[in-house]
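Q: Could you walk me through this model, starting with the pockets and then going on to the helices and the backbone?

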Amino acid sequence: MKESAGTAAMTQVKDQSSAQMEVRNLKTYFYTEEGVVRAVDGLSYALGKGETLGLVGESGCGKSVSALSVMRLIASPGKIVEGEILLDGLNLLQCSEPEMRRVRGNRISMIFQEPMTSLNPVFTIGNQIMEAIRVHQDVSRKEARDRTIAMLGKVKISAAQTRIDEYPHQMSGGMRQRVMIAMALACNPEVLIADEPTTALDVTIQAQIMELLAELQNEFQMSILLITHNLGLVAEVSNQVAVMYASKVVESSSTRELFASPLHPYTHGLLTSVPTLGMSKDRKLNVIPGQVPNPLQFPAGCRFHPRCPLAEQRCQQEEPPLRQVKPGHWAACHLIENGKSPMTGAER
């Protein structure tokens, strides 16, 4: 019997015995008047304990929806229709809402995009962090305030005893992002989901935020799921990387392996579209032709075949499974043979 993409992906996850969190064949659909939007459609990955997994892909590929699915924050008309989300063996999709409230913000936390819209403008930052602590921890208001001040210090907000009583609008974008990190880590979670944590920040502040996350990860021994389209960021901070295209993973491996030896044509396209230090000013960056397919109606076969320079007839008819093509390296492409990229020798 031929192995399906979902079976192969789940085999990959099951082999990750040290995983802190596992996502298996996750499907999240939105039921609209135009039709069913398959925002996440068979997503699988494993996040190792104490590791950082970079989940990368173009805008609209389903990265953020997958994160909200993990947190069980999908609102109508969206619905998680299939899959498993395992946190140290606990299937979050089988938890009741009261059980999930005890997990959310406590064992698993999330830093959302755009901190100005994620923080409540009518409450002080101190009250917002203290609320997160008191919801999950049996502590007095004074102890919650003391812990909040200490947490603000850990994220390197100076004069924390004064700034705890400030409102979000009184802080810069970088400071608001630090507040979001403090709130997410207030209860010492096992897993932190960071959804585009450096969006709208200048390059210097981006570096400071990522350095801060690395320090706190080491201190709290937590696992991080980093969701981003910034390949440079992934190369710098991630241990593992999973590349998403059209609502599912098309390639995953260690970060070092993927950047040194990408196998999927889509991953090749992404990496060759990024400028590098020392590149000739006459060299043109690669452009992936075409557009990301509409999740209302994905193409038959491989979802990347309309944009792939090497697509064959079977690519148009048969969807490739996510399979192990070399030790520790997984890809969904019919054209990968003996662990070698089909792009070798092709025009890039």
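The chat below goes through the model topic by topic.

Q: What should I keep in mind about the model and the numbering?

A: This is a predicted model, in which local features need pLDDT of at least 70 and side-chain atom pairs count only at pLDDT 80 or more, while totals for chains, interfaces and linings use all residues. Residues are numbered from 1 along each chain as its sequence is written, and side-chain values use heavy atoms, with hydrogens and water left out.

Q: How much space lies in the largest pocket?

A: The largest pocket holds about 650 Å³ of space. A pocket here is an open set of points on a 1 Å grid over the protein atoms alone, with protein on both sides within 12 Å along at least five of seven lines, and lining residues have an atom within 4 Å of a point. Grid points are joined across faces, edges and corners, and the volume is the space filled by probe spheres set on the points.

Q: Which residues are closest to its centre?

A: Of the 21 residues lining the largest pocket, R104, G105, A132, H136 and M183 are the closest to its centre.

Q: And which elements supply the lining of the largest pocket?

A: At least two residues each come from helix 3 (97–103), strand 6 (108–111), helix 5 (125–136) and helix 8 (173–185), and helix 5 gives the largest share, with six residues. Helices (H or I, at least four residues) and strands (E, at least two) are DSSP runs numbered from the N terminus.

Q: What classes of residue are in that lining?

A: The lining of the largest pocket has 10 nonpolar, seven polar and four charged residues, where Ala, Val, Leu, Ile, Met, Phe, Trp, Tyr, Cys and Pro count as nonpolar, Asp, Glu, Lys and Arg as charged, and the others, Gly among them, as polar.

Q: OK, what about cavities, how many of 30 Å³ or more are there?

A: The count is one cavity of 30 Å³ or more, a cavity being a set of grid points where a 1.4 Å probe fits but cannot get out. About 70 Å³ of space lies in the largest cavity, and its lining divides into nine nonpolar, three polar and no charged residues; among them are H264, C302, C308, C315, C333 and H334.

Q: Back to helix 5: at what angle do helix 5 and helix 6 pack?

A: Helix 5 and helix 6 (residues 141–154) pack at an angle of about 115 degrees, with their axes 9 Å apart. The axes are lines fitted to C-alpha atoms, for helices over the stretch in contact, and angles run from 0 to 180 degrees between N-to-C directions.

Q: Which residues make the contact?

A: Helix 5 contributes I125, G126, N127, I129, M130, I133 and R134, and helix 6 contributes R141, A144, R145, R147, T148 and L152, contact meaning heavy atoms within 4.5 Å. By class, this contact has six nonpolar, three polar and four charged residues.

Q: Switching to helix 2, is it mostly covered or mostly exposed?

A: Helix 2 (residues 63–70) is mostly covered, since six of its eight residues are buried, namely K63, V65, S66, A67, S69 and V70. Buried means under 20% relative accessible area, exposed over 50%, and partly exposed in between, with a 1.4 Å probe and protein chains only.

Q: What does the backbone do just after helix 2?

A: Just after helix 2, R72 takes a positive phi of about 60 degrees. In the loop between helix 2 and strand 4 (78–87) lies P77, which is joined to S76 by a cis peptide bond with omega of about 15 degrees. Most residues other than glycine have a negative phi, and most peptide bonds are trans.

Q: Where are D88 and A246, and is each one buried or partly exposed?

A: D88 is in the loop between strand 4 and strand 5 (90–91), has a phi near 50 degrees, and is partly exposed, with a relative accessible area of 42%. A246 is in the loop between strand 9 (240–245) and strand 10 (248–254), has a positive phi of about 50 degrees, and is buried at 2%.

Q: Last one, what does S238 touch?

A: Not counting residues up to four places away in sequence, S238 touches T52, L53, G54, L226 and T255. S238 is in the loop between helix 10 and strand 9, and is buried, with a relative accessible area of 9%.
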